[in-house]
Amino acid sequence: VKPGSAGSSKSAAGAPEDQQTLLAVLQFLRKNKLTESVEILRREAGLPEDALDTKGADCSAPSSGGTAGGVDGLDAGSLLSRVAVSSSAGTPAPTKVFLGCSAMGVHHLWILSAAVADDQPDVSVVLSAYSQQGDPALYKVYYSDLKKFIESVLDCHRAELSQVFYPLFVHMYLELVYNNHESEAKAFFEKFSGDQECYYEDDLRVLSSLTKKEHMRGNETLLDFRTSKFVLRISRDSYQLLKRHLQERQNNQIWNIIQEHLYIDIFDGMPRSKSQIDAMSGSLAGEAKREANKAKVYYGLLKEPEIEVPLDDEDEEAENEEGKPKKKKPKKDSMGSKSKKQDPNAPLQNRIPLPELKDSDKLDKIMYMKESTKRIRLGRENLPSICFYTFLNAYQGLTAVDFTDDSSLIAGGFADSTVRVWSVTPKKLRKVKSAADLNLIDKESDDVLERIMDEKTASESKILYGHSGPVYGISFSPDRNYLLSCSEDGTVRLWSLLTFTCLVGYKGHNYPVWDTQFSPYGYYFVSGGHDRVARLWATDHYQPLRIFAGHLADVTCTRFHPNSNYVVTGSSDRTIRLWDVLTGNCVRIFTGHKGPIHTLAFSPNGKFLASGATDGRVLLWDIGHGLMVSELKGHTDTVYALRFSRDGELLASGSMDNTVRLWDAAKAFDDLETDDFTAATGHIHLQDNSQELLLGTYMSKSTPVVHLHFTRRNLLLAAGSYAA
């Protein structure tokens with residue numbers, strides 16, 4: 001029972017239980033001669049002076065099966081032994097009084113300081129909230145009773161109320177373990193663990209190993225479960241039904257857990273169906289609160305700089321022959337004009353500082369625009385060719401792959417802690433000449449960039465040594481001068497592709513780093529690892545610029561939004577979070593995957609996100625509205641690679657099941673009915689149309705797909721190592 005923070009004058013006129021608990025506290029204080037405190041609390045609660053005398057008798061009214069002792073029956077020692085006080089070291093914060101009322105009368109009083117309630121608390125303080133709350137033998141009865149009730153309610157409420165089972169089961173089990181009722185805990189676990197949803201299997205395996213109080217200390221999974229309230233989204237009607245049932249049955253044991261450990265996000269409107277709930281559930285801490293996805297996200301693209309595209313000789317010839325000089329120009333303009341007009345959903349051009357364009361970048365942009373004119377428009381009738389790069393005899397163990405944007409280089413990260421770079425074109429890889437030789441070069445000559453390269457070092461591939469553990473993520477810089485790699489050794493390394501040496505080792509993560517990626521504009525990069533946080537870096541800073549903390553387990557993959565103002569992270573807590581680079585805030589939380597997330601991809605227009613996980617599903621999300629919009633089922637194993645085609649028409653997915661699948665992304669996004677979005681509940685009804693959206697499945701002989709990449713002309717490149 002939460003009587004609200006002391007100071008709300010409503011509590012006096014509130015529910016009778018609220019008044020009783022308040023009076024119980026006042027009586028206890030008075031009994032211990034704390035008259036000043038009694039007066040202050042009484043005045044703040046707006047109670048009359050004689051309230052304590054007239055109502056004194058009521059507050060200890062016996063509840064069914066309870067003792068009539070009330071407060072007087074408990075001595076100060078037994079009452080205060082259960083007080084968990086967590087006070088902040090800084091300034092004293094306003095305190096809230098929480099009262100736990102159980103079938104035994106008034107049981108214990110927590111005084112929680114509001115300032116520290118949100119921080120990661122000390123383990124012992126966290127666990128002390130599991131202090132004994134009832135007869136251990138009755139836990140099975142309480143749970144079975146609730147189960148019977150939920151199974152008997154109308155179908156429309158049953159699906160929603162069934163969500164309560166899992167968090168209740170976990171907290172009741174932990175409460176038994178914490179209070180040293182080992183045999184009861186074991187019996188409780190064996191009886192009800194089979195009823196939980198299959199996607200909680202891994203969590204339950206961890207839970208089953210916690211059989212003694214000592215095991216609970218220092219267990220991270222448990223701490224997360226305790227400190228982050230499990231979020232359930234339930235319609236008002238279903239919630240009232242549950243509340244009424246528990247209060248009629250005097251089932252305060254369960255009601256306390258719901259009050260203390262769950263966050264119920266109540267919405268008005270129709271209850272959700274089983275399929276709607278299943279689509280969104282599965283994460284470590286329940287669903288996201290609706291508030292979490294309400295912030296404005298500027299998902300539009302930044303305006304491209306104005307660059308004149310010089311015509312090729314062949315283009316000019318074509319124009320002269322045709323006699324229609326404007327034949328090819330409009331095509332180019334249409335490619336460039338995509339982001340000429342300022343997108344209303346785009347962030348300000350200078351919202352975050354981006355690096356200046358160098359002359360070489362401008363040349364590259366011109367090359368890109370020329371290539372784009374030769375791009376093939378993909379679609380249902382026009383599927384891309386797929387070129388598969390298979391790493392043969394990769395006994396070192398291939399763990400990561402990346403292609404440069406212009407598809408000229410490919411890099412592999414290996415379990416033997418090396419990074420290898422190959423040239424995919426006939427042009428060989430060369431190092432820059434030594435300083436002595438560079439002095440002899442005429443710096444004014446036109447081909448100075450050619451002359452500084454040392455022909456003697458030309459080879460098809462180079463090996464980069466430096467890491468002291470498997471390399472889990474690699475990323476080329478947009479200008480192809482640098483390569484990032486991250487490793488189990490806890491570092492991210494920046495390599496020069498001109499000298500093929502390591503320039504910087506970034507140390508910030510204390511544990512393995514699972515993924516890293518350069519911003520589409522270069523300069524910034526992001527990394528995520530086993531320490532559950534993602535970090536934003538700039539190449540010229542040793543320390544991270546931002547630390548994105550909030551995931552409850554490893555950050556397994558990281559990606560930049562095309563406009564570089566946002567970073568998205570996927571985690572083994574089975575959620576996806578979108579972070580604002582400017583403020584460091586989390587602006588979206590997506591739940592729905594049933595296993596750790598291993599790959600993420602933004603659509604080229606920045607509006608949508610695709611995610612793949614160990615559950616074999618590919619989910620599509622609308623970033624602006626913060627909703628799941630489609631579920632693509634087909635893969636039978638972990639999805640490790642996702643990539644949208646350059647025009648955003650298709651989505652390619654690669655998996656450990658040795659297949660590449662192509663999906664009709666344009667159709668998936670066009671079919672969205674915006675009415676669904678405006679529904680107050682924010683629930684969309686997912687169509688089961690995976691088969692319609694699947695355009696093709698391509699098997700490899702025995703090669704799991706680790707990476708996918710669309711070239712500038714929309715040829716699909718895939719990579720993986722042959723598993724003999």
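Lys289 lies over the face of Tyr263, 4.1 Å from the ring centre; a charge counts as sitting over a ring if NZ of Lys or CZ of Arg is within 6 Å of the ring centre and within 35 degrees of the ring normal. Arg420 is likewise placed over the face of Phe414, at 5.3 Å from the ring centre. The model is predicted, so local features need pLDDT of at least 70 and side-chain atom pairs count only at pLDDT 80 or more, whereas totals for chains, interfaces and linings use all residues. Residues are numbered from 1 along each chain as its sequence is written, and side-chain values use heavy atoms, without hydrogens and water.

Arg420 is also the bridge partner, in E8, of Gly412. Strands E7 (residues 409-414) and E8 (residues 419-423) run antiparallel and are joined by five bridges. Strands are DSSP runs (E, at least two residues) numbered from the N terminus, and two of them pair if DSSP finds at least two bridges between them. An open, antiparallel sheet of four strands has the order E6-E7-E8-E11. Its edge strands, each pairing on one side only, are E6 (398-403) and E11 (461-464).

The structure holds 26 aromatic pairs, that is, rings of Phe, Tyr and Trp (its six-membered ring) with centres within 6.5 Å. One aromatic cluster is formed by Tyr143, Phe165, Phe169, Tyr173, Phe188, Phe189 and Phe192.

The average pLDDT, the predictor's confidence in each residue from 0 to 100, is 78 for the protein, and 78% of the residues score at least 70. Over residues 1-14 the pLDDT is below 50, and this stretch has 26 contacts (heavy atoms within 4.5 Å) beyond near neighbours in sequence. Residues 315-339 also have pLDDT below 50, with 17 such contacts in the model.

Technical notes
Phe/Tyr/Trp six-rings, centres within 6.5 Å; stacked < 30°, edge-to-face > 60°.
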